Amino acid sequence: MTIPVSWYLVLAAVLFGIGAFGVLTRRSALIMFMCIELMLNAVNLTFVTFARTLSDIGGQTTVFFIMVVAAAEVTVGLGIVVAVFRRRASTSVDELSELQG
Amino acid sequence: MLAATYAIPDVLVFAGATLLILVGAVGVIALKNPVHSALSLIMCLLGVAVAFLSQYADFLAAVEVIVYAGAIVVLFLFVIMFLGVDKSKHPHVEPLVGQRWLAAAGVVVTTAGLITLMASSHWVGGVVAASTGGATLATGAGNVTQLGDSVFTTYLLAFEATAGLLIIAVVGAVVLARRERPVEDDTADDLETEEVDS
């Protein structure tokens, strides 16, 4: 008998929690991006798990698109980090406290 | 006890993937050096790739290693090296009082809520799976065929939209990362000539 679905779902939930905790507590914009990747991967794992249990390839297709969007997000996000670093010489998000509307 | 219910290789693969994922994820948020965090991220992504492989997502496991652990983490490392390793100087300073505890409490509540939701919902137990009656997912080359068929038929519009998204992202990154033109030199020259004139 294969591994039950719920094990993978719990693993994905814990991974999502770790990523969310990192986004909320770490100061460096780069580490926050990595934690967002962790959360995206938790969601990917959930999609693949449901694709398996429902025998539906649509879940895997969604993961494919999530990966594309994640790549685009990282490209633009790191571009912003580099642009901010050029002005501030720091990647800490606390330095950007006056960036408000 | 577990071995009696489930096949030992499956349990071992799951345990290995879990270990890689959790140790890597904790490493990402716990390590001070951003380079070490990026390497931990690679470890976590390899664990996710193992979990994909064990769930009939062969193509996605390959893409996970090539695109995520390859391209994206290398991009992270490139930016870290480009900016210089920037260790967080005051890791214990909390600008917002109690932020860490509030974050921990919120995360625990969210994760526990997710797990409770799974435990109490019918679609985890395989009820829906029995009712769909669809063909089982193929592995290996069959998985690539199924995924390709799906992407180029059902999700063709989304696939084309992705092309636009990638173009926009590339152009946006180039615009963001470009150095601004040195306009200050012209104004400085103007000021100097004015001073000389007066």
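The following exercises, with worked solutions, concern a predicted model.

In this predicted model, local features need pLDDT of at least 70 and side-chain atom pairs count only at pLDDT 80 or more, while totals for chains, interfaces and linings use all residues. Residues are numbered from 1 along each chain as its sequence is written, and chains are lettered from A and ligands numbered from 1 in the order in which they are written.

**Exercise 1.** Determine how far helix H2 of chain B reaches and which of its residues are buried.

*Solution.* Helices are DSSP runs of H or I with at least four residues, numbered from the N terminus. H2(B) covers residues 8-30, 23 residues in all. From first to last C-alpha, H2(B) reaches 32 Å, close to the expected 33 Å (1.5 Å times one less than the number of residues). A residue is buried if 20 or more other C-beta atoms, placed from the backbone, lie within 10 Å of its own. The buried residues of H2(B) include B:Phe14, B:Ile21 and B:Val28. Their cover includes H1 (5-25) and H2 (29-54) of chain A and H3 (34-53) of chain B.

**Exercise 2.** Describe how H2(A) and H3(B) are arranged.

*Solution.* Two packed helices are described by the angle and the distance between their axes. The axes, lines fitted to C-alpha atoms over the stretch in contact, come within 11 Å and cross at roughly 5 degrees. H2(A) and H3(B) are therefore roughly parallel (angles under 35 degrees). Residues in contact have C-beta atoms, placed from the backbone, within 7 Å; here they include A:Leu38 of H2(A) and B:Leu41 of H3(B).

How values were computed
Helices (H or I, at least four residues) and strands (E, at least two) are DSSP runs, numbered from the N terminus. A residue is buried if 20 or more other C-beta atoms lie within 10 Å of its own, exposed if 12 or fewer, and partly exposed in between; C-beta atoms are placed from the backbone. Two residues are in contact if their C-beta atoms, placed from the backbone, lie within 7 Å. Axes are lines fitted to C-alpha atoms, for helices over the stretch in contact, and angles run from 0 to 180 degrees between N-to-C directions. Angles under 35 degrees count as roughly parallel, over 145 as roughly antiparallel, 65 to 115 as roughly perpendicular and the rest as oblique.
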